[in-house]
Amino acid sequence: MVRVVRRVLLVLVLLLVVALVGGYLYARPLLLTGTGYAAHNACAVELLAGRDDPQDDLPPNPLVPFLRTSSSKGKVTGSLLGLLAKQTAHFTSGYGCTLGGTPRVPEVPVVTGASPVTDGPPAPELDTAIDRAFGSDLSAGDRAALGTRAVVVVKDGRVVAERYADGFSADTRQLGWSMTKSVTNLLVGRLVAEGRVSVDDDDLRKEWTDGRSRITVDELMRMTSGLAWDETYALGTPITRMLYVENDMGGYVASQPLAHPPGEHLQYSSGSTTLLCDILLDRTGSDASLLHQQLFGPLGLSSFVVEPDASGTPVCSSYGWATPRDWAAIGQLALDDGKVGPRRLLPAGWMRQATTATRAEETEEDQPYGAGWWLNRKADGTAYDDRMPLDTFEALGHDGQSMAVIPSEGLVVLRMGFTPDPDLDDRFGALVRDVVSTLG
C-alpha cells in the first residue's frame, strides 16, 4: 500500500512539474513582453536620459510587482523574479538601447546646423496656464498621476516659456513615443527633396509578390497600408511583440498579411512607420545614422536619438528621445514648412501635403490623420478640438506626449510627461487655448 501511495505521489509531482513547465512555455511569449519592456525602459532611462528612477516609467500592469532588472557594463537585464523570461537591453553610445543584441551602427555624424529654435523674451503672463498644465489645482496625488514633466512654448521660433518637473531639466532627454512618427514624415520629406524617394514608390519589399506590392510610401505614412495589425498595448499583441520580442521589427511587420486593400482602410499602426524606416534604409543604402545625417545634424539637434532594433533599423514609430527644446525644434521646422533661415530642408509645400487629411473608405480613428501628423480640421470644416485653432496639427505620443503646431499663430506648444491614465490627457487642449488667448 505504501508503495502505491508513493507511486501516486510521484506521478502527481511529475504531472505538476510538467504542468508548470508547460504553462511557463505557453506564457513565455507574453512574459517576454513584460521583461523586455522593463529591460529597455531601465536601460534608456538610466543610460540615455541619465535618470535613476526607471520604475517611475513602468505602466500599470499585473506583472510589474514581479519584474526585476539588473545592470552591468552597458547592459540591463529584465526578468520575472530574477529567474524567468530574461531579456537584455544593450546600450550603444549615440543610439540608445536595443533589446536582443548590440546593433552594428556607425559613429554618430557630427552636428553641423543650428536649431530653428532660439531664446526669446520670457512671457511671464503664461505662468497661470503652465501652472494648470502641471496640475497646480489638483491634490498632490492627482498631480503626480497627471505626471507633467515639461512644457515648452515657442512663438515665432523663440522660446518664450518653459518649465520642468522636479528631477527633470532642459537637458533631460524625454521619450516622445509616437511623436517620432511625425519626425519620420520629415525624414521622408528630406529624402524626397534629394530625389532619393517618392511618396508614390511601391514594390517596397522583395518578398511582397502579392497585393502588398501595391503598398506605397505614402500609405505607410498615412496608416492605410492594409497590413493586419493590432495596436492594443497588452501582453502578446503585435505592437508589444514588435517592440519587445522581435529583433528585426521591420521584417516582422512586413510578414503580416493584408487585411484590407492598400489605401482603403485607415488603421493606426506603429508597425507601418517602423517598417517604413526599414524600407528607407534599404532604398537609400543607408544605416541607423540616416536620421542624424538628414535631420538631427542639419538642425543642430545634438540630443536626438531614435533607438534601433537589433537589426540596426531605427524604431521610427516609437523610440525617439530628445530634450523638450529639441522636440519643439521639430515642430518649428514643420511650422516653417522645412526652412531653416535661408536653407530649405523639405520640398516647398511638404507640410501642406503632410497635413492634408487622409481619405479612406473606412477609418478606425475619430481625429483626422495626415501623413504622420494629427489634424484639427475635420472634413466638414469644424474643429476636432474647438479649444485649438482650425489649422492646428499635432504630434502625439503614448502616455500624454503632445505637441501642437499652429501656423496661424506662429506657435509651437509642447507638453511631455508620464500619464498612463488617458482621462488625464485632456489638459493639453486647455493649455493650447490659454497660450493662444494670452499671446494673441
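Met179, Thr180, Val183 and Leu186 in α4 meet Trp327, Ile330 and Leu333 in α10, where a contact means heavy atoms within 4.5 Å. Helices here are DSSP runs of H or I with at least four residues, strands are E runs of at least two, and both are numbered from the N terminus. This is a predicted model, so local features need pLDDT of at least 70 and side-chain atom pairs count only at pLDDT 80 or more, while totals for chains, interfaces and linings use all residues. Residues are numbered from 1 along each chain as its sequence is written, and side-chain values use heavy atoms, with hydrogens and water left out.

Back to that helix pair. Two packed helices are described by the angle between their axes and the distance between the axes. For α4 (residues 179–193) and α10 (residues 324–335), the axes come within 11 Å and cross at roughly 45°. That makes α4 oblique to α10. The axes are lines fitted to C-alpha atoms, for helices over the stretch in contact, and the angles run from 0 to 180 degrees between N-to-C directions. On that scale, angles under 35 degrees count as roughly parallel, over 145 as roughly antiparallel, 65 to 115 as roughly perpendicular and the rest as oblique. The α4/α10 crossing is left-handed, a label used if the near helix is turned anticlockwise from the far one by less than a right angle; clockwise would be right-handed.

Taken by itself, α10 has twelve residues and spans 16 Å from its first C-alpha to its last, close to the 16 Å expected at 1.5 Å a residue. The expected span is 1.5 Å times one less than the number of residues in the helix. Eleven of the twelve residues of α10 are buried, so the helix is largely enclosed by the rest of the structure. Buried means under 20% relative accessible area, exposed means over 50%, and partly exposed is in between, with a 1.4 Å probe and protein chains only. Among the buried residues of α10 are Trp327, Ile330 and Leu333, the three named above as meeting α4. After α10 comes aspartate 337, with a positive phi near 55°, although this residue is not a glycine. Aspartate 337 sits in the loop between α10 and β12 (339–340) and, at 18% relative accessibility, counts as buried.

Of the 15 residues of α8, 13 are buried, so α8 is largely enclosed by the rest of the structure. At the start of α8, a side-chain oxygen of serine 269 comes to within 3.3 Å of the backbone nitrogen of glycine 271. Just after α8, glycine 285 takes a positive phi of about 65°. Leucine 81 also has a positive phi, of about 60°, although it is not a glycine; leucine 81 is in the loop between β2 (75–80) and β3 (84–92).

Helix α1 (residues 2–48) holds histidine 40, which is buried at a relative accessible area of 5%. A polar contact of 3.0 Å joins the side chains of histidine 40 and glutamate 307. A polar contact is a pair of N or O atoms within 3.5 Å; within protein, one must be able to donate a hydrogen and the other to accept it, and residues adjacent in sequence count only if both atoms are side-chain atoms. Leaving out residues up to four places away in sequence, histidine 40 touches Ala89, Cys97, Leu99, Glu307 and Tyr319. With the sequence neighbours up to four places away set aside, cysteine 43 touches Leu48, Val76, Ala89, His90, Phe91 and Cys97.

Threonine 392, in the loop between β15 (374–375) and β16 (393–397), is buried at 2% relative accessible area. Beyond residues up to four places away in sequence, threonine 392 touches Trp374, Leu375, Asn376, Ala404, Val405 and Ile406. Proline 420, in the loop between β18 (411–417) and α12 (427–439), counts as partly exposed at 30% relative accessibility. Leaving aside neighbours within four places in sequence, proline 420 is in contact with Pro60 and Asp399.
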